[in-house]
Amino acid sequence: KADVTDAASIDAAFTEVEAAHGPVQVLIANAGVTKDTLLLRMGEEEFTSVIDTNLTGAFRVIKRASKGMLRKKYGRIVLISSVVGLYGSPGQINYAASKAGLVGIARSLTRELGSRNITANVVAPGFINTDMTAALPEATQKDYLSSIPAGRFAEAEEVAKVVRWVASDEAAYISGAVIPVDGGLGMGH
């Protein structure tokens with residue numbers, strides 16, 4: 001366990017994992033929080049805390065994991081973004097900015113570390129069947145469903161399968177890519 005907003009916590013977690021299993025070869029950066037509100041109501045703390053967890057937290061774990069990856073000359077980095085990072089959403093300026101920033105990180109990492117057999121890709125889920133989506137009012141769920149060409153929310157396992165694939169050697173020549181898992185919601189974005 002680690003707190004992605006605390007570099008010392010991350011270092012301790014990596015040290016523990018490395019002692020038991022050796023250098024981290026696959027990193028899935030999926031920590032994320034939301035503090036949704038419209039721009040004019042959003043305080044600076046609501047903005048920066050989401051950026052710190054979702055974007056800076058990814059930077060922290062990538063920086064720590066990359067040390068071992070560079071030594072092994074092998075690594076797979078998968079950043080979990082969101083359709084919102086590509087598509088935008090009212091009341092989610094902080095979240096959208098943090099998730100869009102992951103694309104820039106992956107593409108910069110690809111240019112920096114690609115020659116060392118380290119890939120960096122982004123998986124951008126849409127609406128997923130979770131406790132959070134189940135708690136949405138029925139009218140909101142119907143509204144979201146009407147905008148998804150697939151006509152349904154994804155299952156978490158559908159996202160996990162894409163993450164597993166992009167982290168595998170089957171996807172060794174894919175880097176800097178954004179792979180949507182959104183039922184067609186964000187087409188063209």
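Is Asn117 buried, partly exposed or exposed? Asn117 is partly exposed, because its relative accessible area is 34%. Buried here means under 20% relative accessible area, exposed means over 50%, and partly exposed lies in between, with a 1.4 Å probe and protein chains only.

Before I continue, a word on the basis of these values. This is a predicted model, in which local features need pLDDT of at least 70 and side-chain atom pairs count only at pLDDT 80 or more, whereas totals for chains, interfaces and linings use all residues. Residues are numbered from 1 along each chain as its sequence is written, and side-chain values use heavy atoms, with hydrogens and water left out.

Let me turn to the overall fold. The protein contains 7 helices and 4 strands, and along the sequence these follow the pattern α-β-α-β-α-α-β-α-α-α-β. Helices (H or I, at least four residues) and strands (E, at least two) are DSSP runs, numbered from the N terminus. Along the principal axes, the C-alpha atoms fill a box of roughly 50 × 35 × 30 Å. Of the 189 residues, 40% count as buried. Among contacts between residues at least 6 apart in sequence, 73% join residues at least 24 apart; contact means heavy atoms within 4.5 Å.

I now come to the interior. In soluble globular proteins, nonpolar side chains tend to be buried together. A nonpolar core, as the term is used here, is a set of buried Ala, Val, Leu, Ile, Met, Phe, Trp, Tyr and Cys residues joined through side-chain atoms within 4.5 Å. The largest such core in this model has 24 residues, and Leu27, Ile62, Ile77 and Leu79 touch the most other members. Two or more residues each come from helix 1 (7-21), strand 1 (26-29), helix 2 (44-72), strand 2 (75-80), helix 4 (93-113) and strand 3 (118-125). Helix 2 gives the largest share, 7 residues. Another core, of 12 residues, lies apart from this one, and its members include Val78, Val123, Ile128 and Val166.

Which residues does Leu79 contact, leaving aside its neighbours within four places in sequence? They are Ala29, Ile62, Leu102, Ile105, Ala106, Asn121, Val122 and Val123.

Next, the packing of helix 1 on helix 2. Their axes are 10 Å apart and meet at an angle of about 35°. Axes are lines fitted to C-alpha atoms, for helices over the stretch in contact, and angles run from 0 to 180 degrees between N-to-C directions. On the helix 1 side, Ala7, Ile10, Asp11, Phe14, Thr15 and Glu18 take part, and they meet Arg60, Val61, Arg64 and Ala65 of helix 2. By class, this contact has 5 nonpolar, 1 polar and 4 charged residues. Here Ala, Val, Leu, Ile, Met, Phe, Trp, Tyr, Cys and Pro count as nonpolar, Asp, Glu, Lys and Arg as charged, and the others, Gly among them, as polar.

Val24 is in the loop between helix 1 and strand 1, and it is buried, with a relative accessible area of 12%. Not counting residues up to four places away in sequence, Val24 touches Phe14, Val17, Glu18, Ala65 and Met69. Thr53, in turn, belongs to helix 2 and counts as buried at 13% relative accessibility. Beyond four places in sequence, Thr53 is in contact with Val4, Thr5, Ala31, Gly32, Val33 and Ala58.

Gly183 is found in the segment after strand 4 (178-181). With a relative accessible area of 34%, Gly183 is partly exposed. Gly183 and Phe127 are 56 residues apart in sequence and 8.6 Å apart in space, C-alpha to C-alpha.

Finally, I return to the backbone. Most residues other than glycine have a negative phi. Asn117, in the loop between helix 4 and strand 3, has a positive phi of about 65° although it is not a glycine. Lys73 also has a positive phi, of about 55°, and is not a glycine. Lys73 lies in the loop between helix 2 and strand 2 and is exposed, with a relative accessible area of 56%.
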